[in-house]
Amino acid sequence: MSLYVFGHRNPDTDAICSAIAYADLLRQTGQPDALAACCGAPNKRTEYVMKTAGIAPPKIIMDIRPETEDICRKETITASFGDAFFEAYRRMQEWDLRAIPVVDKDNRVVGVLSVLDLMELLFRDEGDPIKSRTVTTNLKKITEALGGSFQHEVDPEQSDELLIMVGAMSSDGFTARMQQFDKDRVIVVCGDRPTIQLPAIEQGVRGLVITGGFGLSPGLIELAKARGVSVLLSPFDTVNTTTRIRSSQFIDPAVNRQVVTLPAKMRVSEARAIVERSKQPVFPVVGDNGLLAGISFKSDVINPPRPQLVLVDHNELTQAVAGVEEADVLEVLDHHRLGGGLKSAQPIRFVNEPVGSTCTLVARQYRDAGIEPEESLALCMASGIISDTLFLKSPTTTTVDRTIL
């Protein structure tokens, strides 16, 4: 998260110029994320200064309290209906995530998929001998899950509720067992066993998976083509092949479609109440257009990182950017009287000196660091000094201001 250097509300030239220059100095001295910001638009005088110096105006931030888009993880992965178990699970492993959003073709959130929900696909209906061996997938997904290939294929992308049957029995026993199932839905898994391969093809099963890196003989391949039987080749043994086939099933039944999303512009303080009441493992963050903008976990929202601030040209909270009480003030650089309300959990650097301009203090910091500011920044700071000291004629002007200018 960036470190913001803020001047006071209704900023004048000294407040904006000191913020711009001090942010530059911080970037050169170990704070590469330091950014100048202001609570309102620059006035005409300040606009003239920045235009003459060739400096871009600071970022306008009216309220520093973080929104969900500020703390969400914008780089993430998603799943879609029609993805296979192994595809979604590998993505989760690669990104070390326990849940991911599910989106449609337009990147709109339609659900959330968790690892626990995925496991239900593998272990559901274990007491039902038919349902426990059923996988909803297609032959192409099966081949991809196996890292295998087709020796012959028929409608490989046609999705079905397929029944896995392992051919680890006698030919007669296998034929008798086949009578119990709808042949058009059966996937037979076997090794180099022609006594199983032949009756499976003759019965016209949906697919035959040959394990152990073996292939079907030329004669049986011709018969498979005649009977419209797809033949898949697996490099794995029968046990691992069966497991991988189960991992090819579509994720659709496992997706939680009653999903809670967080608007990107919602305050984190508001989102916290929603997140605390939900058991959802991950919370998609959506933009005004309804598209996925990122994801947040419960810990991201309940314990978000606090914005980090440096205050210049003021030290009173009533003068600071809205939401300052939810931020960590790391440093103050000012030339006004001490105000009330500023507290810190840790010691901070607090520079408050009776000079005519905060830009005087910033310029002195450059000098003390042995850094010569760029000409544009020097002009910017000189303008802040000239403005706040009325060209060194103000009663607050000091020798330090004259020397620095």
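**View 1. The surroundings of Gly40 in the predicted model.** Not counting residues up to four places away in sequence, Gly40 touches Pro11, Ile60 and Met62, where contact means heavy atoms within 4.5 Å. Gly40 itself lies in the loop between strand E2 and helix H2; helices (H or I, at least four residues) and strands (E, at least two) are DSSP runs, numbered from the N terminus. With a relative accessibility of 13%, Gly40 counts as buried, a word that stands for under 20% relative accessible area, whereas exposed stands for over 50% and partly exposed for values in between (1.4 Å probe, protein chains only). Gly40 and Val321 are 281 residues apart in sequence, and their C-alpha atoms are 9.4 Å apart in space. This is a predicted model, in which local features need pLDDT of at least 70 and side-chain atom pairs count only at pLDDT 80 or more, while totals for chains, interfaces and linings use all residues. Residues are numbered from 1 along each chain as its sequence is written, and side-chain values use heavy atoms, with hydrogens and water left out.

**View 2. The largest nonpolar core.** A nonpolar core is a set of buried Ala, Val, Leu, Ile, Met, Phe, Trp, Tyr and Cys residues joined through side-chain atoms within 4.5 Å. The largest one holds 34 residues, of which Val5, Tyr22 and Tyr366 touch the most other members. Among the elements that each supply at least two residues of this core are strand E1 (3-6), helix H1 (13-28), strand E15 (308-312) and helix H13 (358-369). Helix H1 gives the most to this core, with nine residues.

View 3. Leaving aside neighbours within four places in sequence, Tyr22 is in contact with Val5, Val310, Val312, Glu331, Leu333, Arg349, Val362 and Gln365. A second, separate core of 21 residues includes Met178, Ile201, Val205 and Leu220.

**View 4. The chain around these close-ups.** The chain has 15 helices and 17 strands. Its radius of gyration, taken over C-alpha atoms, is 34 Å, well over the 22 Å that the globule rule (2.2 Å times the number of residues to the power 0.38) gives for 405 residues, so the chain is more spread out than a compact globule. Taken along the principal axes, the C-alpha atoms fill a box of roughly 110 × 40 × 35 Å. Of the 405 residues, 48% count as buried.
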